[in-house]
Amino acid sequence: MPLKVRSKYEPDEVPSTIINRAVLEATCTPRLNHLSRPLVRLLEAVKNDKRYLGKVFVDTMNERIAMSMDTIYNHTAKSLRNIAADRRLSTKSLQAKKAKKWTEHGDKERMETLSRPRKPPSPVPPRRRKRKKLEQLLPNINKMAAPRYIYKRPSQDSMIKKLTISPDALHYSPTERILELTKLPPWRLVKQYVYTGKVPRGALLYKISENVEKLAIPKKKAKEKESDEKENPYDISPNALKYKPTPRIIILAKPVER
């Protein structure tokens, strides 16, 4: 007996491709009909690219462009096209009017109307506010004329009263709680000021060891060469006069041949 039994392959049932009759007989709404039409921009691009196919192709593309142009989504393009057509008609009508020749009677009437003097335009009336009598305006005028603040100089008695101390304050005796609050806590007390330059007593009585005494003595340094303070700054050192250059330095000292 095999461990695994394979069943016979049976393909899945293919769904029926029959289209419903209601779908075939359904009527499309105007909005869906307009959406189904391609864009005018794409049709124009295809027509320009495939123009070499011939006149029949170009005519069919022009028909499709006209169909897609009439959709509700090309309202601005359609309005511009109508404006251009109206301009053409207006130019044609103006040209036709210019082509007509006026009669002598018509010319005279036209010249008479043009020769009449025109009436001058009437001036614009000025805007004026409603006027009031002086009696009605006097209260507001007096209010605006009065100063906003009048300074009153204080009298001498009032100044003395402000500077005098009340007798209750002189005979006041504070309580124990107020006396406790007058004292600062220890963490806010100012520490004793240490004057600069003052040596503590322990430092004066300190006895140094031999090693500390040796370290306190400054080290002797060799004197630096003071080239600026020489008696003869152009004097050459004796070591430079005794120097013997190497063969390599002699080669480098020669000028380069160019």
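Colleague: Why is Arg 81 called partly exposed?

Modeller: Buried means under 20% relative accessible area, exposed means over 50%, and partly exposed is what lies in between (1.4 Å probe, protein chains only); Arg 81 has 39%, so it falls into the intermediate class. The residue is found in helix H5, where helices are DSSP runs of H or I with at least four residues, strands are runs of E with at least two, and both are numbered from the N terminus. Not counting residues up to four places away in sequence, Arg 81 touches Met 69 and Asp 70, contact being heavy atoms within 4.5 Å. This is a predicted model, in which local features need pLDDT of at least 70 and side-chain atom pairs count only at pLDDT 80 or more, while totals for chains, interfaces and linings use all residues. Residues are numbered from 1 along each chain as its sequence is written, and side-chain values use heavy atoms, with hydrogens and water left out.

Colleague: What makes the pair Lys 47 and Glu 44 a salt bridge?

Modeller: The term requires a side-chain nitrogen of Lys or Arg within 4 Å of a carboxyl oxygen of Asp or Glu; the closest N and O atoms of Lys 47 and Glu 44 are 3.8 Å apart, so the pair qualifies. The two residues are three apart in helix H3, which means that about one helical turn separates them. Lys 47 is buried, with a relative accessible area of 10%, whereas Glu 44 is partly exposed at 29%.

Colleague: How many salt bridges does the rule give, and which residue does Arg 21 pair with?

Modeller: The count comes to three. Arg 21 pairs with Glu 25 at 2.9 Å between the closest N and O atoms, and both lie in helix H1 (residues 21–25), four residues apart. Arg 21 is exposed at 59%, and Glu 25 is exposed as well, at 55%. The side chains of Glu 180 and Arg 177 also meet in a salt bridge, at 3.5 Å from N to O.

Colleague: Why are the buried residues of H3 said to line one face of the helix?

Modeller: The buried residues of H3 are Val 40, Leu 43 and Lys 47. Seen down the axis of H3, they fall within an arc of 65 degrees, and therefore they line one face; the arc is that of the directions from the helix axis to the C-beta atoms. The face turned away from this buried side carries the exposed residues Arg 41 and Asp 49, and what covers the buried residues of H3 includes H4.

Colleague: Which residues make up the largest nonpolar core, and what makes a set of residues a core?

Modeller: A nonpolar core is a set of buried Ala, Val, Leu, Ile, Met, Phe, Trp, Tyr and Cys residues joined through side-chain atoms within 4.5 Å. The largest one has five residues, namely Val 40, Leu 43, Met 61, Ile 65 and Met 69. Leaving aside neighbours within four places in sequence, Leu 43 is in contact with residues including Met 61 and Ile 65.

Colleague: How many of the protein's residues, as a percentage, count as buried?

Modeller: Of the 258 residues, 4% count as buried. The secondary structure comes to 14 helices and zero strands.
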